[in-house]
Amino acid sequence: MDNQGLTLLNRIKDSDIYFSFIKSPTAIVTAIILLIIFFCSFFVEIVAPFNPFDPSSLSLMDAFTPPSWSEDGVTKFFLGTDGQGRDMLSTILYGSRISLIVGFSAILFSLVLGVTLGLTAGYFGGKYEMVVMRFTDVQLTVPSILMALLVDGIARGIISKELHNEMAIYVLIFAIGISEWPQFARVSRAATLVEKNKDYVSASTIIGVSNITIMFKHILPNILRPILVIGTIGLALAIITESTLSFLGVGVPPTTPSLGTLIRIGNDFLFSGEWWITFFPAIFLVILAFSINLLGDWMRDTLNPKLN
Amino acid sequence: MSFLKINNLSVDYEMRRETVYAAKNVNIDVNRGEILGLVGESGSGKSTVGNAIINLIDEPGKISNGSIVLDGINILEDPENIAKYRGKKIGLIFQDPQTSLNPILTIGEQLIETIQTHLNLNTDDARSKATNLLKEVGIKDAEIRFNNYPHQFSGGMRQRVVISLALCCEPELLIADEPTTALDVSIQSQILDLIKRLTKERNLAVILITHDMGVIAETTDRVAVMKNGDLVEIGPTKEILTKPKEIYTRSLISSVPPTNKKISRFKIIEKENKSQSDTNIKILNRWVKKEISNKDLVQVKNLSKTFDDSFFTESSKNSVMAVNDVSFNIKEGQSFGLVGESGSGKSTIAKMIVNLFRPSSGEIYFNDICITKIKSNKEMMKFRKQIQMIFQDPYSSLNGRLKVKDIVSEPIKLHNPSISSIDLDNYINDLLESVELSRQSANRYPHEFSGGQRQRISIARALATQPRLLVCDEPTSALDVSIQAQILNLLKDLQEQLNLTILFISHDLPVVRQMCDRIAVLKNGKLCEVALTEDLFVKPTHNYTKELLTLMPKIESIYN
């Protein structure tokens, strides 16, 4: 096989991953849904019909407008409005951006932390490994929501009230990140244990390559597959954790609502008949998390050499 | 009319890009009381034929053509039939005795289960039948061992149990797929003797699938040679091995290292990389050649290594003595062989010499400097450069995420950080051409290469630092015999031209005989004897060496 003349695009088209992707309708549908969501959230200023955070565009007269297809609906507000007259569709899109930013950052944070610890623990072994792995065991016994609540509580204690709203998003990222890293540490340690006994690692040692280079240049690329898979599923989990925390009132403040905050706000109106305020953000969250999970499942099946 | 007749058998694997023909129009027949050898290199389709007989072809493979007639009945016609034949009329022995027994059932339970599936016997009768079978395959104290679990048996004993399982329903055809490949030489000969004895006693038809020409020569009555799914030649073993008609058979036989003499090079008839004609060692002009000084380059003194299994306790109860008080010297420019069966500690010694492990006691001197006591990394780097290693498994010894040029350039850049990129490229090209790979190989990934080519890349990487000592740990035992011959030739050429000192580790005595000037024989971590190659093969002094030499399968035995 001569791959030299092929462009990157052709190489992707030639790969087994692409082949299994176009063979899997689930993967295609979820990928398209996710692409649309990511696009709309990223370019929300252009896509969203209104800016729900611009007080001049809001009118209390529009408050509690039901979705456009119901009796009292207006075409202007496709999914209706909330109690302050904010367009639901725009609010959801803005909210999903916050959710995605928090989710991605948190998973990145726990990925870096967990993989570094797992990789070094697996590679060096001995007492260092024992300490790190017992620490992960302890951490795994604490439910992640509790962990996040704990971090949030401590943050409230040390950060002043004025600063807290600004810092809320960072606290949230840290709280979710710190509660998710053990699984990355475990998976990367297990994979490292397998890889470090392979001859190419011995060959590098014999050549005289330093431990850091062996770990990050040689072993890390070879253990990325399982990490990528649990990272994707972890992303869905992080988004849900964020929403849960926001729903409980310890997440992002209502001035910059995330999906969880929107569900909590809408929850107050549920019994007075304004169901759409909580229903649409909730359904959006379900679709988002579900799509990420399905894509993660497909990735797990495709990237796992044992199942092929 | 022969007992088993395979007519025009074809097996196809429909893959994503193309259809692979694992077997094409194969015609084979086996008689009762005869052992037919099925020999070929990896991918030749020999196991496919065996699996087709018992209908164990994996998806997406399918039998596209032909018939398999067993005792007058075409067993492909009715798929229901095969379930009745499998195990009952046809017995199977697999390669790996570690995985072909169920570890959570005692061997007695497994035997009784198999017997009762096929024969209408009550438990007591099945039990006595099973015990008799165990006795027949040579397991002592069969009544007691009956209740043991597979892990309580050694590898050879386990293979005996597998054979008794295959025999328990009085099969008439026995298919043995590489039955001794996972076993040591001394156990291999016992298992082969057992198969030969059973063939006679029970008048079985046996198909013995193997890649080992020595096994073929010593065991089989007739042999079928396969290549890429085609049947090349079939006939009486003696005729095929002494007067092969086809070029492929001739090249296969000439690649087998002779056990009775030392030859200077292997004759290569069909070459893997066709473009190159002669070995052209281009790195020679860069090489700082060491003169052969008749001095000891490596001295190993009272080397011992224990592996401690106990983490919490300091007791030595769980420790295993992998290497026990081993001493030998290697002269500069010499090839030194280290021979032993699995668990003899030969790889452990290699890893201590290249400083992957530290010895528990004893010293290793390289060029009169003790390298086992060096603490600082900087000091160690000087020796890392001079001692390099080639590994057994060509698939795990290269990092699949790096291009070949990055793999080869890593040691160069590490030991010569100031090298210019043009010079580096030239150096890489020279290295690749020295191991008979094309320049274009540099931009490819390891998975695009075959096992033999990967081993060449490994050699190029090891040569990049211009080492004085090359440690080869079973460099060809994962390769086919024709590729092995090419790699061994390459190593010989390199050694000759670059004055390399080689420590050659192998379990394969004929290979060691071809490669080495002096040989050390190891058993259970202890040194049995060190002798010049010819002395060792002609007049061995140690009993264990004698035993190994008589037991190794010899292709020359066919002439007697």
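This report describes a predicted model of a complex with chains A and B.

Residues are numbered from 1 along each chain as its sequence is written, while chains are lettered from A and ligands numbered from 1 in the order in which they are written. In this predicted model, local features need pLDDT of at least 70 and side-chain atom pairs count only at pLDDT 80 or more, whereas totals for chains, interfaces and linings use all residues.

The predictor assigns the complex an ipTM of 0.80 and a pTM of 0.83. Chain B has an average pLDDT of 86, and 94% of its residues score at least 70; pLDDT is the predictor's confidence in each residue, from 0 to 100. Where pLDDT is low, the predicted coordinates should not be read in detail.

**Chain A**

Chain A has 12 helices and zero strands. Helices (H or I, at least four residues) and strands (E, at least two) are DSSP runs, numbered from the N terminus. Along the principal axes, the C-alpha atoms of chain A fill a box of roughly 75 × 55 × 30 Å.

Two of these helices, α8(A) and α10(A), pack against each other, as the table shows. Axes are lines fitted to C-alpha atoms, for helices over the stretch in contact, and angles run from 0 to 180 degrees between N-to-C directions.

| Helix pair | Angle | Distance between axes |
|---|---|---|
| α8(A) (residues 161–196) and α10(A) (residues 211–247) | about 155° | 9 Å |
| α13(B) and α15(B) (residues 451–463) | about 25° | 7 Å |

The pair α8(A) and α10(A) is therefore roughly antiparallel, and the pair α13(B) and α15(B) is roughly parallel. Angles under 35 degrees count as roughly parallel, over 145 as roughly antiparallel, 65 to 115 as roughly perpendicular and the rest as oblique.

Residues of α8(A) that meet α10(A) include L172(A), I176(A) and F184(A), and those on the α10(A) side include I219(A), P226(A) and L237(A). Two residues are in contact if their C-beta atoms, placed from the backbone, lie within 7 Å. This contact of α8(A) with α10(A) has 13 nonpolar, six polar and four charged residues. Ala, Val, Leu, Ile, Met, Phe, Trp, Tyr, Cys and Pro count as nonpolar, Asp, Glu, Lys and Arg as charged, and the others, Gly among them, as polar.

**Chain B**

In chain B, four strands form an open sheet in the order β2-β1-β4-β5, with antiparallel pairing. Two strands pair if DSSP finds at least two bridges between them. β1(B) (residues 4–14) and β4(B) (residues 61–70) are joined by eight bridges; S10(B) has N65(B) as its bridge partner in β4(B). Helix α1 (residues 46–53) of chain B packs on this sheet and touches β1, β2 and β4 of chain B.

An open sheet of six strands in chain B has the order β16-β17-β18-β13-β19-β20 and mixed pairing. Its edge strands are β16 and β20 (526–532) of chain B. Within it, β13(B) (residues 335–339) and β18(B) (residues 501–506) pair in the parallel sense over five bridges. Helix α15(B) lies across β16 and β17 (469–473) of chain B, at about 175° to β16(B).

On the other helix of its pair, V404(B), I407(B), V408(B) and P411(B) in α13(B) meet I457(B), A460(B) and R461(B) in α15(B).

**Where the chains meet**

How many residues does the contact take from each chain? Chain B gives 23 residues and chain A gives 17 residues. On the side of chain B that touches chain A, α12 (377–386), β16 (387–390) and α13 (404–415) of chain B each supply at least two residues. The largest share, three residues, comes from α13(B).
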